[in-house]
Every structure is written in structure tokens, then in C-alpha cells.
Amino acid sequence: MTVRASPKPDNLEKEERSSYFGLPGLDVSVGFPQATPASVFPPCTSDYYHFDDLLTPEEQAIRKRVKECMEKEVAPIMAKYWEKAEFPFHVIPKLGALGIAGGTIKGYGCPGLSITGSAISTAEVARVDASFSTFILVHSSLAMLTISLCGSEEQKQKYLPSLAKLDTVACWALTEPDYGSDASALKTSATKVEGGWILEGQKRWIGNSTFADLLVIFARNSSTNQINGYIVKKNAPGLTARKMENKIGLRIVQNGDIILKKVFVPDNDRLPGVNSFQDTNKVLAVSRVMVAWQPIGLSMGVYDICHRWKPHEGFCSLDT
Ligand SMILES: Cc1cc2nc3c(=O)[nH]c(=O)nc-3n(C[C@H](O)[C@H](O)[C@H](O)COP(=O)(O)OP(=O)(O)OC[C@H]3O[C@@H](n4cnc5c(N)ncnc54)[C@H](O)[C@@H]3O)c2cc1C
């Protein structure tokens, strides 16, 4: 037999609700002291997967450098920025100085790391903060990689050096409001005009787009019906990127809704190597390898966070 709670009178429910919403924010440090912000990120307690044994001295050095920077520069501020859902722009030059943006790309001021070196640096960023690893992955393993694989020699020379130093930031815009998993059906159009192209459409969820200097945008060529790629500059007339609010995860990452209203892109900013969705897929196939290292880093961080908990009576230690 199902017993139903008797419905509360309307006014009582309203009063309960408004007193609930009127309350000050929960002071987590009092209610749940173990969960206080990780202002001191716990040191790495174990090289759990024995990565270091597999790394060359150069790879070990980059791993150490990334780990130290993340623990010193990001860990103390990440809870605050997560709460505010804002990005700490002052950290960008420090990440730039690490020499990890551009990952395995060789030349053009890029670090030319080994695949393992790039992977372990992605994991070390993710060990401390998932949002930061998303910021770097979008910039490096999507936008920079697309320019390196599909850009002209002139575009590589022009854009990659400052992106590698993180003097400029890039985003990568494929997803649209109605086309996410089904990205190859995207509708944003690119129409040829004298001297360039006119882009018209919308993009959604695009990481870094609210502040990116360069936006790699995929659009459907209105004469061939194939997907092409374009480099659009921040402040291009007709371009707007509005922050998506109220996210429940990756709150430091600034995801944007992009609107393109007759945005003109000159011919020399069309990516000559993107002539169909197959070319977009070539970039995704390479970038997904690095994305897979994000959850590995997250798991390492979870292990380290768990490990700093002192064993309580009735709980067993992770060492046992
Ligand atoms: C934090 C974050 C950052 C992102 N950053 C970027 C970025 O920088 N650039 C970019 O281009 N995009 C970005 N995206 C977009 C991301 O690529 C899309 O969210 C993703 O492709 C899924 O698309 P969707 O959200 O429209 O969901 P949908 O495609 O609508 O999917 C919703 C659900 O339906 C399921 N589904 C969909 N199709 C099928 C099917 N045929 N059969 C069975 N199940 C199906 C999916 O598995 C999913 O569970 C980002 C997304 C997030 C959340």
C-alpha cells in the first residue's frame, strides 16, 4: 500500500520555500570541515601508475614544472573562482611560461613535446583542476592543432608563436545549438564574396570563446555544401560571444554562445586544409588522445585528496 503525504496548504509551502531561499550561503568550513577549499593542494602522495619510470629526464622535468605551477598558482585560488564562475586571467602568463601550449607541435615557437610529455602535462594540470585542463585542451589540442594540421604556412607563422606563449588565446567552435553529437550536420553558413567569406549562424558551448583572441570556426560552404574552417578575430564586426551562466560543472571554463551575423573573414583566414568534415575528424582523432589524459589526471587528484584525510575511528586508511 502506498501512503501519500497529505499536501501542505499552499501558504505554508510558500513560507517554507521563501525562508529557505532567504538563508545565507552554507558555511562549508563549519558544516563539513573536511571539504574546505583545497587552498593547499595535497602533495602528490604516490606515483600511483609509476609514470616517472616511463619518462625521459625532459618529460620528468616538464611534469615537475607543471605540477609546481598548478599547486602554487592555481590550487589556492580555484575554489574562489569556481564559486564566482570566473576565469583567473592573471594565471595565463604563468601557464604560458610552462611551455606546454601547442603540445607536440614542432616549430613556430611551439614546444614540440613528445606525446608522453604532452600527455603527462595535461594530466598534471587536470590533477589539480579540471577547468584549467579544459582551458588548455581547447586552446592547444583543438585550436592550435587545427591551425597546425590544416592551416597554410603563412597562418602557422602568423598565429602559432603567440598562441604557444599564451600571449593570445584561441577557441574552437564546432557545436551549434541544434547540432552537438550530430556536428557534421551543422548549419552555420560560409558564403563566398569578393576577397573573403561571410559567416552567418550560431555556436554553443564554446570554451574560452568569451575572451579568445582567435576563434577557429567551422561553417558550411554554401556552394559546395561541405564543412570549411575559418579563423575569426575577436571584435570582428557581427561577432558576439555571450557567457553561458549557471553551469554546475567546469565553472571556471568560460563557455560561450556565439552569434555570427554577416561576419566577414578575409580569404587568407580561411583554413585551406579544412575541405570537409573528414578534415575536422582528423583533428578530433589526434586531440582525443590528449583528452583521454584529463580523466587520468582527475583520478590522480582524487587519490591525493582522499589520501590527505586522516583516518577516523571506524574508517580505514588508504594505506591499509
Ligand atoms: C563543458 C563543455 C565544453 C565544451 N566545449 C566545446 C568547445 O570548446 N567547442 C565545441 O565545439 N563544443 C564544445 N562543447 C560541446 C560538446 O562537444 C557537445 O556538448 C557535445 O558534442 C554533445 O552535444 P549536445 O550538448 O548538443 O548534446 P546532444 O547531442 O543533444 O546529446 C544529448 C544526449 O543525447 C545522446 N545522443 C545524441 N545523439 C544520439 C543518438 N543518435 N543516439 C543515441 N543517443 C544520442 C547523447 O549521448 C547525450 O547523452 C562543450 C561542451 C561542454 C559541456
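Which strand is Val-265 found in? Val-265 is found in strand S7, which covers residues 255-266. This report places that residue, and several others, within a predicted model.

## The model as a whole

The model is predicted, and its protein chain averages a pLDDT of 88. A score of at least 70 is reached by 83% of the residues. Where pLDDT is low, the predicted coordinates should not be read in detail.

The protein chain has nine helices and eight strands. Of its 320 residues, 38% are buried. Among contacts in the protein chain with a separation of 6 or more, 74% are accounted for by residues 24 or more positions apart.

Val-265 counts as buried because it has 24 C-beta neighbours inside 10 Å, and the cut-off for a buried residue is 20 or more. Leaving aside neighbours within four places in sequence, Val-265 is in contact with Gly-196, Trp-197, Leu-199, Tyr-230, Val-232 and Arg-270. Tyr-230 and Val-232 are among these contacts, and strand S5 spans 227-233.

Val-265 can also be compared with Val-193. The two are 72 residues apart in sequence, and their C-alpha atoms are 9.7 Å apart in space.

## Helix H6 and helix H5

Two packed helices are described by the angle between their axes and the distance between the axes. Helix H6 consists of residues 130-150, and helix H5 consists of residues 115-128. H5 and H6 pack at an angle of about 145°, with 6 Å between their axes.

On the H5 side, Thr-122, Val-125 and Ala-126 take part in the contact. They meet Ala-130, Phe-132, Ser-133, Ile-136 and Leu-137 in H6. By class, this contact of H5 with H6 has six nonpolar residues, two polar residues and no charged residues.

## Helix H6 and helix H7

Helix H7 covers residues 153-164. H6 and H7 pack with their axes 10 Å apart and at an angle of about 155°. H6 is therefore roughly antiparallel to H7, since angles over 145 degrees count as such. The crossing of H6 past H7 is left-handed.

From H6, the residues in this contact are Met-144, Ile-147 and Ser-148. From H7, they are Gln-155, Lys-156, Tyr-159, Leu-160 and Leu-163. Sorted by class, the contact of H6 with H7 has five nonpolar, two polar and one charged residues.

## Helix H6 and helix H8

Helix H8 covers residues 277-291, and its axis comes within 10 Å of the axis of H6. The two axes cross at roughly 140°, so H6 is oblique to H8. This crossing of H6 and H8 is right-handed.

H6 contributes Leu-137, Ser-141, Leu-142, Leu-145, Thr-146, Leu-149 and Cys-150 to the contact. H8 contributes Asp-279, Lys-282, Val-283, Val-286, Ser-287, Met-290 and Val-291. By class, the contact of H6 with H8 has nine nonpolar, three polar and two charged residues.

Arg-288 also lies in helix H8. Arg-288 counts as exposed because it has 10 C-beta neighbours inside 10 Å, and the cut-off for exposure is 12 or fewer.

## Residues in loops

Ala-85 is in the loop between helix H3 (57-84) and helix H4 (92-97). Its phi is positive, about 55°, although Ala-85 is not a glycine. With 17 C-beta neighbours inside 10 Å, Ala-85 counts as partly exposed. Asn-235 also has a positive phi, near 70°, in a residue other than glycine. The place of Asn-235 is in the loop between S5 and strand S6 (239-243), and with 7 C-beta neighbours inside 10 Å this residue counts as exposed.

Asn-225 is found in the loop between strand S4 (214-221) and strand S5 (227-233). Asn-225 is exposed, with 9 other C-beta atoms within 10 Å. Between Asn-225 and Lys-187 the separation is 38 residues in sequence and 9.9 Å in space, C-alpha to C-alpha.

Methods: Residues are numbered from 1 along each chain as its sequence is written. This is a predicted model: local features need pLDDT of at least 70, side-chain atom pairs count only at pLDDT 80 or more; totals for chains, interfaces and linings use all residues. Axes are lines fitted to C-alpha atoms, for helices over the stretch in contact, and angles run from 0 to 180 degrees between N-to-C directions. Helices (H or I, at least four residues) and strands (E, at least two) are DSSP runs, numbered from the N terminus. Angles under 35 degrees count as roughly parallel, over 145 as roughly antiparallel, 65 to 115 as roughly perpendicular and the rest as oblique. A crossing is left-handed if the near helix is turned anticlockwise from the far one by less than a right angle, and right-handed if clockwise. Two residues are in contact if their C-beta atoms, placed from the backbone, lie within 7 Å. Ala, Val, Leu, Ile, Met, Phe, Trp, Tyr, Cys and Pro count as nonpolar, Asp, Glu, Lys and Arg as charged, and the others, Gly among them, as polar. pLDDT is the predictor's confidence in each residue, from 0 to 100.
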